[in-house]
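I opened the structure to look up a few things. My notes follow in the order of looking.

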Amino acid sequence: MKLYMTENSGNAYKVRLLLGLLKVPYDKAVVDFPGKEHKKPAFLALNPRGQVPTLEDGGRVFWDSSACLVYVARKHGGEQWLPTEPADMAEVMQWVALAGNEIQYGLQYGRNIVRGARQGDLEPCLAMGRTALGALEHRLKEHDWLALGRPTIADLACYPYVALADEAKLPLADYPAIREWMKRLESLPNWTPRS
Ligand SMILES: N[C@@H](CCC(=O)N[C@@H](CS)C(=O)NCC(=O)O)C(=O)O
């Protein structure tokens, strides 16, 4: 299994977390972002979006962190990280969807704007980021994990950009349940610290 990634990519970090937790060996293909390797034809042939993470395994290629998480969880994680029972699977995927929407367009893009890596208006990002953090805090006030009472890909999909929310000008001081959930995640055996 080969993971196209950068060390800084929060989206690639989601997949690295799951691979680490499941102790799945993989090759890291570090993409040369400053050299724009991800926008060149060879990489675009793998992923037409020109983004990381992109995962290659057994002659198949998958892009988007959600697809990579689904693939690794189902191939290597049994029923633990993404079960196939319909209601359980939907409960997990609703949080993966939050990660791909409000968290990406709010927290990820907001952080990029603050860091000067993206042009745009910060205000809509802050609004979306607050929606995401509000939904997470509401859930985590009463539950240890986002879905099913145990860690799943729901938690891994949401974690990386929530953990960096202060860099998007959304400090977590007012979100105590989120801070406790992050500590629980970071204490899991075989957790990969952010590089
Ligand atoms: N929805 C995608 C977003 C991926 C994404 O934004 N990746 C960033 C790195 S964290 C990237 O490759 N940016 C370069 C670009 O979009 O041109 C996912 O979840 O994988």
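At what angle do α1 and α3 pack, and how far apart are their axes? I find an angle of about 5 degrees and axes 9 Å apart. That makes α1 roughly parallel to α3, since angles under 35 degrees count as roughly parallel.

I note that this is a predicted model, where local features need pLDDT of at least 70, side-chain atom pairs count only at pLDDT 80 or more, and totals for chains, interfaces and linings use all residues. Residues are numbered from 1 along each chain as its sequence is written, and side-chain values use heavy atoms, with hydrogens and water left out.

I then listed the contact (heavy atoms within 4.5 Å). From α1 come Asn11, Lys14, Val15, Leu18 and Leu19, and from α3 come Ser65, Cys68, Leu69, Val72 and Ala73. By class, I count seven nonpolar, two polar and one charged residues in the contact of α1 with α3.

Ala67 also lies in helix α3. I looked up its accessibility: at 31% relative accessibility, Ala67 counts as partly exposed (between 20% and 50% relative accessible area, 1.4 Å probe, protein chains only). From Ala67 to Val96 I find 29 residues in sequence and 10.0 Å in space, C-alpha to C-alpha.

Next I turned to the largest pocket. Its lining has 39 residues, and Asn11, Phe33, Gln108, Asn112 and Tyr161 lie nearest its centre. Two or more lining residues come from each of α1 (10-21), α3 (65-76), α4 (86-114) and α6 (153-163). I see that α4 gives the most, with nine residues.

Technical notes
1 Å grid on protein atoms, 1.4 Å probe; cavity = no way out; pocket = protein on both sides within 12 Å on 5 of 7 lines; lining within 4 Å. Helix = DSSP H or I, 4+ residues; strand = E, 2+ residues; numbered from the N terminus. Axes fitted to C-alpha atoms, helices over the stretch in contact; angles between N-to-C directions. Parallel < 35°, antiparallel > 145°, perpendicular 65-115°, else oblique. Nonpolar A, V, L, I, M, F, W, Y, C, P; charged D, E, K, R; others polar.
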